Amino acid sequence: MIWRRRIGKWRITFTIAPVADIVGVHSLLEDGKHILMWDFDDKTAEQVFGALLAVQQIYDLPNVYMLNTGKENHFIAYCFRKCSWRQCKEIIAFTPHVDEMFFKFGVYRDKFTLRVSPKCKRKPKLVHILK
């Protein structure tokens, strides 16, 4: 529910909404390097697998861990290769099907962030390890 009132040049807004407490991890490491992480929404497992495999081969990446977020056709992935922020952004941007809002907010915050805790009783589950 959102309640809004305008008084002259001022707007007063009151919002009531459900809140889910979640825990996330981000790409930034203590030494200033980053690990790679991806978010894919409304994509099939085959689309995500193909996108990650192509990027893994092009950038010669080590293992990539692909997880389902608990919601159908929603996936996240991690690769524990350390890289510069510039290279991290390049690799994520190059990956087909990456969620644009994930990329946008990651660039805005200077780090990528993914949820690791359950949300609405949905837990991320490992689907595949691309070796």
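**Labels and the values behind them**

Modeller: Just after helix 3, D110 takes a positive phi of about 65°. The model is a predicted one.

Biologist: What makes the phi of D110 worth a remark?

Modeller: D110 has a positive phi, near 65°, and is a residue other than glycine. D110 sits in the loop between helix 3 and strand 7.

Biologist: Why is D110 called partly exposed?

Modeller: Buried means under 20% relative accessible area and exposed means over 50%. D110 has 45% relative accessibility, so it counts as partly exposed.

Biologist: Which value of phi does H97 take, and where is H97 found?

Modeller: Phi of H97 is near 75°, again positive in a residue other than glycine. The loop between helix 2 and helix 3 holds H97.

Biologist: How do you know whether H97 is buried, exposed or partly exposed?

Modeller: The relative accessible area of H97 is 33%, which falls between 20% and 50%, so H97 is partly exposed.

Biologist: What makes D99 a cap of helix 3?

Modeller: A side-chain oxygen of D99 lies 3.4 Å from the backbone nitrogen of M101. The cut-off for a polar contact is 3.5 Å, so this pair is within it. The end of helix 3 that D99 caps is the N-terminal one.

Biologist: Another histidine, H74: where is it, and why is it called buried?

Modeller: H74 belongs to strand 6. Its relative accessibility is 12%, and the limit for buried is under 20%, so H74 counts as buried.

Biologist: Which backbone atom lies by a polar atom of the side chain of H74?

Modeller: The backbone oxygen of E72, at 2.9 Å from that side-chain atom. This value is within the 3.5 Å cut-off, so the pair passes the distance test for a polar contact.

Biologist: What lies between strand 1 and strand 2?

Modeller: Two residues, and the two strands form a hairpin. G8 in the turn has a positive phi of about 60°.

Biologist: What makes up the largest nonpolar core?

Modeller: That core has 28 residues, and L36, W38, L52, L61 and I92 have the most contacts inside it. Strand 4, helix 1, strand 5, strand 6 and helix 2 each supply at least two of its residues. Strand 6 gives the most, with six. In soluble globular proteins, nonpolar side chains tend to be buried together.

Biologist: Why are A51 and V48 called buried?

Modeller: A51 lies in helix 1. Its relative accessibility is 3%, under the 20% limit, so A51 counts as buried. V48 is also in helix 1.

Biologist: How many residues apart along the chain are A51 and K82, and what separates their C-alpha atoms?

Modeller: A51 and K82 are 31 residues apart along the chain, and 20 Å separates their C-alpha atoms. For V48 and S117, 69 residues apart, the separation is 21 Å.

Biologist: What lines the largest pocket?

Modeller: The lining has 20 residues, and D39, T113, L114, R115 and K119 lie nearest the centre of the pocket. Its volume is about 460 Å³. Strand 4, strand 6, helix 3 and strand 7 each supply at least two lining residues. Helix 3 gives the most, with five.

Biologist: How many of the lining residues are nonpolar, polar and charged?

Modeller: Seven are nonpolar, four polar and nine charged.

How values were computed
Residues are numbered from 1 along each chain as its sequence is written. This is a predicted model: local features need pLDDT of at least 70, side-chain atom pairs count only at pLDDT 80 or more; totals for chains, interfaces and linings use all residues. Side-chain values use heavy atoms; hydrogens and water are left out. On a 1 Å grid over the protein atoms alone, a cavity is a set of points where a 1.4 Å probe fits but cannot get out, and a pocket is an open set with protein on both sides within 12 Å along at least five of seven lines; lining residues have an atom within 4 Å of a point. Grid points are joined across faces, edges and corners, and a volume is the space filled by probe spheres set on the points. Helices (H or I, at least four residues) and strands (E, at least two) are DSSP runs, numbered from the N terminus. Ala, Val, Leu, Ile, Met, Phe, Trp, Tyr, Cys and Pro count as nonpolar, Asp, Glu, Lys and Arg as charged, and the others, Gly among them, as polar. Two strands pair if DSSP finds at least two bridges between them. A nonpolar core is a set of buried Ala, Val, Leu, Ile, Met, Phe, Trp, Tyr and Cys residues joined through side-chain atoms within 4.5 Å. Buried means under 20% relative accessible area, exposed over 50%, partly exposed in between (1.4 Å probe, protein chains only). A polar contact is a pair of N or O atoms within 3.5 Å; within protein, one must be able to donate a hydrogen and the other to accept it, and residues adjacent in sequence count only if both atoms are side-chain atoms.
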